[in-house]
Structure formats: C-alpha cells, structure tokens
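I opened my notebook to look up a few residues and the links between them. My notes follow in the order I made them.

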Amino acid sequence: MEHILKATGLKKYYGKGETTVKALDGVNLEIEQGTFTAIIGTSGSGKSTLLHMLGGLDTPTEGSVTIGDTELAGLDSEQATVFRRRQIGFIFQNYNLVPVLTVWENIVFPLSLDGRKPEKEFIMQAVTLLGLENKLDSLPGQLSGGQQQRTAIARALASKPSIILADEPTGNLDSKTGNDVIRLLKMTGEKFRQTIVMITHNPEIARLADRIVRIEDGRIVSDEFPDTL
C-alpha cells in the first residue's frame, strides 16, 4: 500500500529556555491509504497537537507533513485553506454544525464554500449508511448527540477527501453511542476507501481501529496492530 500521509521529524515547541514545552518532540509517522489509525494518549500527551499538524491547522517548529504529493509547508495561507477543504475531512468532538442550517445544508456546506456542486448520489449513499435519510430537513438542535456526530461524519465524507481526521469524535457521547458511531465511521471508511486518523483517550474505542499509535510526552511510544495482537 502507498502512504497517503507522512510526518517527518515533527516538533512543536512552546516557549524558550527552561520554560520550553515540547508538545511534539520528533514524531515520525506514515499512514497507509485506506487504513483506520487511532492515536491514543493521556491529556497533554501531544495527540491533539499532532492531529492539528497533520491537518495543516498549525505549523510545526521543525519537520514536515506531506499528504499525497503535497508538502503542507510549501503552501501559502490561501492555498492551505483550499487544500484542507478539498483533501481533508475534519470531525470534531463538538460536531461544529451550523445551528441554523438543516442536516443536508450542514453536510454540503463545505462544498458550497468551494463553489462545488454536491454529488447527491454519493452523499445520499453516505447519509443512508449513517441512518440520517429521515433527518435531512432537521436542524442540529432537533438531533441527538449521536445523530449530530453522524451528520459531522457525513459532512466530512461529502467532499471525498483523501484523509479524514477525527478529534475525540466520541468525547461527548455515551459509550454505546460512541462505539456505534466509530463502527459506522469505520464502515463508511471501508466502503468509500477513506483514510481515517482518529485521536482518542479511550482504549476501547481505539481497538476498533486497524492500528493504534500511542503518544506520550510528545513522542510515539508504541505502534500496534490490534488484529495481530
């Protein structure tokens, strides 16, 4: 399999001298296309910082991130914004849905920002797989937490990104709903050949992934494949 994402010598330092905080301290990571990787670690381990670096939401102190053939550091601000919108799907813990837009409008919103027409047939496949076909006219406030998170997953899938980055996607859900959402995310990833990188502090959720990368004190301390354990 080819690598869709590569981080090389990734460092993120805050402050100087004795007060320096090493949020990331030399991370090397390669993600293969079509795989589902969970990055786990305790609070403050650096996993959120790593996800933000991988998605181009923050710039490293040192090192590089390459998605496909594109090195993120080589893009200016406008190019980076367009690249993220077209190549990366983000799923956040707090869903980040627009409260005055319907479920359908939320799902296609990133496409409208890009001036692209939604591929209705493809999006409806994802919507049906996620069990949202009867909720398309609802507002986010009329949905349960699980339905809101599934809407966020559909939105991330809608632009057919190269990679999906999920930031604690089950953090606001009870354990059963959280497990259901991750299984659906895994199912959609396999169906649409999406590459998924998810951060979580929950080992049970992480074990649903193909690969578990543990990070502590800004460094990768283990890299495992649950199916082979």
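Predicted model: local features only at pLDDT ≥ 70, side-chain atom pairs only at ≥ 80, totals over all residues.

Before my first entry I needed one term: helices and strands here are DSSP runs, numbered from the N terminus.

**Entry 1**

I checked the backbone of E168. Its phi is positive, about 45°, although E168 is not a glycine. Is E168 buried or exposed? I call E168 buried because its relative accessible area is 10% and the cut-off for buried is under 20%.

Next I looked for a salt bridge. E168 forms one with K47, and the closest N and O atoms are 4.0 Å apart. This pair links distant parts of the chain: K47 sits in helix 1, E168 in the loop between strand 7 and helix 6, and 121 residues separate them. Both K47 and E168 are buried.

**Entry 1: Y95, another positive phi**

I turned to Y95. Its phi is about 70°, again positive, and Y95 is not a glycine. I found Y95 in the loop between strand 6 (88–92) and helix 3. Y95 has a relative accessible area of 9%, so I wrote it down as buried.

I moved on to helix 3, which covers residues 103–113 and contains N106. Why do I list N106 as buried? Because its relative accessible area is 1%. I then listed what N106 touches, leaving out residues up to four places away in sequence. The contacts are L97, V98, L101, P140, T151 and R155.

I107 is in helix 3 too. I107 counts as buried, because its relative accessibility is 0%. What does I107 touch beyond four places in sequence? I noted I123, V127, L136, T151, A154, R155 and A158.

From I107 to I164 is 15 Å, C-alpha to C-alpha, and the two are 57 residues apart in sequence.

I looked at one join in detail. Strand 4 (residues 62–67) and strand 5 run antiparallel, and 2 bridges join them. I67 has T70 in strand 5 as its bridge partner.

I searched the whole structure for salt bridges and got 12. I then picked out a few.

K11 and E62 meet through their side chains in a salt bridge of 3.7 Å, N to O. K11 is in strand 1 (residues 3–14) and E62 is in strand 4, so the pair links distant parts of the chain, 51 residues apart. K11 counts as partly exposed because its relative accessibility is 23%. E62 is at 45% relative accessibility, so E62 counts as partly exposed as well.

I then went to K12. K12 forms a salt bridge with D58, where the closest N and O atoms are 3.4 Å apart. K12 is in strand 1, while D58 is in the loop between helix 1 (47–54) and strand 4, 46 residues apart. Are K12 and D58 buried or partly exposed? K12 is buried, because its relative accessible area is 11%. D58 counts as partly exposed, because its relative accessibility is 27%.

I also found a network. Salt bridges link R85, R86, D114 and R116.

**Entry 2: F192**

My last stop was F192. Where is F192? It lies in the loop between helix 6 and strand 8 (195–200). F192 has a relative accessible area of 15%, so I noted it as buried.

Which residues are in contact with F192, leaving aside neighbours within four places in sequence? I wrote down F122, Q125, A126, L129 and L157. I also checked F192 against G44. They are 148 residues apart along the chain, and their C-alpha atoms are separated by 33 Å.

Notes: Residues numbered from 1 in each chain as written. Heavy atoms only, no water. Helix = DSSP H or I, 4+ residues; strand = E, 2+ residues; numbered from the N terminus. Buried < 20%, exposed > 50% of the residue type's maximum accessible area, 1.4 Å probe, protein only. Contact = heavy atoms within 4.5 Å. Pairing = 2+ DSSP bridges.
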